Amino acid sequence: MNQFTLIYGCMFAGKSTRLIEFYQDFDDDPARKLVVKPLLDNRYAIHGVNSHNGLTIPCHRVGKPEEITSLVDDHVKAVFIDEIQFFDINILSTVNYLLTMGLEVYGAGLDRDYLGRDFGHMPALKALARNRIQVHARCSVCGSKADHTFRVYDSDQLILVGHSDAYQARCAKCWKEGQKPV
Ligand SMILES: [Zn+2]
């Protein structure tokens, strides 16, 4: 039976890498696999899903979740969605629709922002997923297992928002200790 698999975790946890592994294992025929990511993610190559360790797979970029459905032709058997946390609420009905079409659906996304808040519609996507895979990074301070994203504050304010240098993976303890008092 087809199902929705959601890979989630903090930054640097290898979410895209895991998604690419599912892509590579699914089928040798690229025509059977559709890869999409939201338009607003400008990291790395424009038409590729990239892992932090250098793997790349070609992808379509879409502004709205509904556009994913229109990209599915008769050959497609599985849909891979990277950076799924950036999509609007319609991602839920879109994933459901793809499932009713008999497709296998894989998503990868950041579950919490740097303030520890739920990111976008990730809680609902987690609830929708039959198969949930949490991936972890290493804490940049103490080296233990990390599931938080920490924003590095810089005095000259020149850090670009969204640039990976502005963020670190941290364990809950080191993440909490790094928060500035307000
Ligand atoms: Zn730590």
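Which residues is Val79 in contact with, leaving aside its neighbours within four places in sequence? Counting a contact when two C-beta atoms, placed from the backbone, lie within 7 Å, the list for Val79 runs Leu34, Val36, Ile68, Val72, Leu98, Leu103 and Val105.

A word on the model comes next. It is a predicted one, with local features needing pLDDT of at least 70 and side-chain atom pairs counting only at pLDDT 80 or more, while totals for chains, interfaces and linings use all residues. Residues are numbered from 1 along each chain as its sequence is written. On pLDDT (the predictor's confidence in each residue, from 0 to 100), the protein chain has a mean of 89, and 88% of its residues reach 70 or more. Residues 155–161 are another matter: pLDDT stays under 50 there, and the model has five contacts for this stretch beyond four places in sequence.

Now for the fold. The protein chain has five helices and twelve strands, taken as DSSP runs numbered from the N terminus (helices H or I, at least four residues; strands E, at least two). An open sheet puts six strands in the order β5-β2-β6-β7-β1-β8, with parallel pairing; strands pair if DSSP finds at least two bridges between them. At the edges sit β5 (60–62) and β8 (131–134), each pairing on one side only. From one strand to the next, the twist averages 20°, with axes being lines fitted to C-alpha atoms (for helices, over the stretch in contact) and angles running from 0 to 180 degrees between N-to-C directions.

Helix α1 (residues 15–26) packs on this sheet and touches β1 (4–9), β2 (33–38), β6, β7 and β8, its direction making about 165° with that of β7. Helix α3 (residues 90–100) also packs on the sheet, touching β1, β6 and β7, at about 155° to the direction of β7. Strands β6 (residues 78–81) and β7 (residues 104–110) run parallel and are joined by four bridges, and Ile81 has Gly107 of β7 as its bridge partner.

Val79 turns up again in the largest nonpolar core, which has 26 residues; Leu19, Val35, Val36, Val79 and Phe80 touch the most other members. Such a core is a set of buried Ala, Val, Leu, Ile, Met, Phe, Trp, Tyr and Cys residues joined through C-beta atoms within 7 Å, buried meaning that 20 or more other C-beta atoms lie within 10 Å of a residue's own, again placed from the backbone. The largest share of this core, four residues, comes from β1. Apart from it lies another core of twelve residues, including Ala13, Leu110, Tyr114 and Ala169.
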